[in-house]
Amino acid sequence: MSSKSSTRAKVAVLADNPLEGEQLLLDALFGPPPVAPKRPQAVRRTIQSKPQHYRIMSISMYTDDIERLEQMVAELKRRGNYKANKSQLIRHALTKVNLDEVPEEF
């Protein structure tokens, strides 16, 4: 077999699709494939629609202070204040701070 005839054979094999018409048969037997429902476009909040009464922030604390804070929250929950959390406890502590009593150096 010459190289020309083998090239032609390869081209012929690639040109013939043995599965051609398969989708028509599948559609006839089972119906057309289901169309995925359109997703509603995500509602984008504008900068002005963000809540203005709070912000998320990150602070660093010593592990001992974090453990103490978590113990205090656990104690509040044990006493029946089931919605107590660290943020609430810190906010409450801020209302009680007297700046005149804060030491100059920590």
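Colleague: Which helix gives the most to the lining of the second largest pocket, and with how many residues?

Modeller: In this predicted model, helix H4 gives the most to that lining, with five residues. The second largest pocket has a volume of about 400 Å³, and among its 13 lining residues Met 57, Ile 59, Ser 87, Ile 90 and Arg 91 are the closest to its centre. The elements that give two or more residues to this lining are H3 and H4, and by class the lining divides into nine nonpolar, one polar and three charged residues.

Colleague: What makes up the lining of the largest pocket?

Modeller: The largest pocket, with a volume of about 530 Å³, is lined by 13 residues, of which Met 61, Asp 65, Arg 68, Ile 90 and Ala 93 lie nearest its centre. H3 and H4 each supply at least two residues of this lining, and H4 gives the most, with five residues. Counted by class, the lining of the largest pocket has ten nonpolar, one polar and two charged residues.

Colleague: Why are H3 and H4 described as roughly perpendicular to each other?

Modeller: Helix H3, residues 63-78, and helix H4, residues 86-96, pack at an angle of about 100°, with their axes 9 Å apart. Angles of 65 to 115 degrees count as roughly perpendicular, and H3 and H4 are therefore roughly perpendicular to each other.

Colleague: Which residues make the contact between H3 and H4?

Modeller: On the H3 side the contact is made by Leu 69, Glu 70, Met 72, Val 73 and Leu 76, while H4 brings Lys 86, Leu 89 and Ile 90. By class, this contact has six nonpolar, no polar and two charged residues.

Colleague: Why is the pair of Lys 86 and Glu 70 called a salt bridge?

Modeller: The rule asks for a side-chain nitrogen of Lys or Arg within 4 Å of a carboxyl oxygen of Asp or Glu. The side chains of Lys 86 and Glu 70 meet at 3.6 Å, N to O, and so form a salt bridge under that cut-off.

Colleague: What does the pair of Lys 86 and Glu 70 tie together?

Modeller: Lys 86 lies in helix H4 and Glu 70 in helix H3, so the pair ties together parts that are 16 residues apart in sequence.

Colleague: How many salt bridges does the rule give?

Modeller: The count comes to three salt bridges.

How values were computed:
Residues are numbered from 1 along each chain as its sequence is written. This is a predicted model: local features need pLDDT of at least 70, side-chain atom pairs count only at pLDDT 80 or more; totals for chains, interfaces and linings use all residues. Side-chain values use heavy atoms; hydrogens and water are left out. Axes are lines fitted to C-alpha atoms, for helices over the stretch in contact, and angles run from 0 to 180 degrees between N-to-C directions. Helices (H or I, at least four residues) and strands (E, at least two) are DSSP runs, numbered from the N terminus. Angles under 35 degrees count as roughly parallel, over 145 as roughly antiparallel, 65 to 115 as roughly perpendicular and the rest as oblique. Contact means heavy atoms within 4.5 Å. Ala, Val, Leu, Ile, Met, Phe, Trp, Tyr, Cys and Pro count as nonpolar, Asp, Glu, Lys and Arg as charged, and the others, Gly among them, as polar. On a 1 Å grid over the protein atoms alone, a cavity is a set of points where a 1.4 Å probe fits but cannot get out, and a pocket is an open set with protein on both sides within 12 Å along at least five of seven lines; lining residues have an atom within 4 Å of a point. Grid points are joined across faces, edges and corners, and a volume is the space filled by probe spheres set on the points.
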